[in-house]
Amino acid sequence: MTTPTVSLGPVPRASAMCTIVLIAAADSMHLHLVDWEQAFIQGKWAFLPEGSPAIFIRPPIGWDGASEHDANTVFKVTKPLYGHPAAARCLHFTVDEHLAAEGFVKAGFEESVWVWEAGGKYSSKIVVGIHINDSLIACASADLGVLESFKQALFQRFKGTNEGEVHEYLGCTIKRNWVHGLGPF
């Protein structure tokens, strides 16, 4: 049996995501959304705790002639699947490994928020907050090229869709007024 600390993936508190939105507004940062496609399948089983048993499933009825009485056919699961208690954890640590390799550092206050300080590969500060399969990305560049470059690099490793400027995130509507900062939230 897995315990919550072993199976659950870290997600940022609502206050952390609000902080990213407010920092973006205060510092005139672009704020974009990336949605991960089939998010859990992109995670690695390698991040399961040691000693975790292999997982096997039976094929669905009708699949390539399988019947409900076909007890001799099973498949070994090689990718995290929705519904598995540790799938979110595997995805989180896969993303963490990737961002750390790129040079991002975790924000001191959250497990699921990473920061790139300006310089080197990206000339502007970038803040990434990930809640399961949605990424909120803030970039300090007045030129969208830095933000787009980061997203393209992210899409080389992970499948996702570029949702552009964020208007809604985790049930909150975000209205942006570039002259006066953030509107109603």
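Visitor: What makes β5 and strand β6 (residues 126–131) a pair?
Guide: They run antiparallel and share 4 bridges, and two strands pair if DSSP finds at least two bridges between them. Strands here are DSSP runs (E, at least two residues), and helices are runs of H or I with at least four, numbered from the N terminus. One spot to look at is V113, opposite G129 in β6. By the way, this is a predicted model, where local features need pLDDT of at least 70, side-chain atom pairs count only at pLDDT 80 or more, and totals for chains, interfaces and linings use all residues. Residues are numbered from 1 along each chain as its sequence is written, and side-chain values use heavy atoms, with hydrogens and water left out.

Visitor: What joins strand β4 (residues 105–106) to β5?
Guide: There are 2 bridges, and the strands run antiparallel. K106 has W114 as its bridge partner in β5. With 6 residues between them, β4 and β5 form a hairpin.

Visitor: Which way do the residues of β5 (residues 113–116) point?
Guide: V113 and V115 go one way, W114 and W116 the other, and all are buried.

Visitor: Why is I57 called partly exposed?
Guide: Because its relative accessible area is 40%, while buried means under 20%, exposed over 50%, and partly exposed in between (1.4 Å probe, protein chains only). I57 sits in strand β2 (residues 56–57).

Visitor: How do you know the span expected of helix α2 (residues 14–26)?
Guide: The expected span is 1.5 Å times one less than the number of residues. For α2, with 13 residues, 18 Å is expected, and the helix reaches 18 Å from first C-alpha to last.
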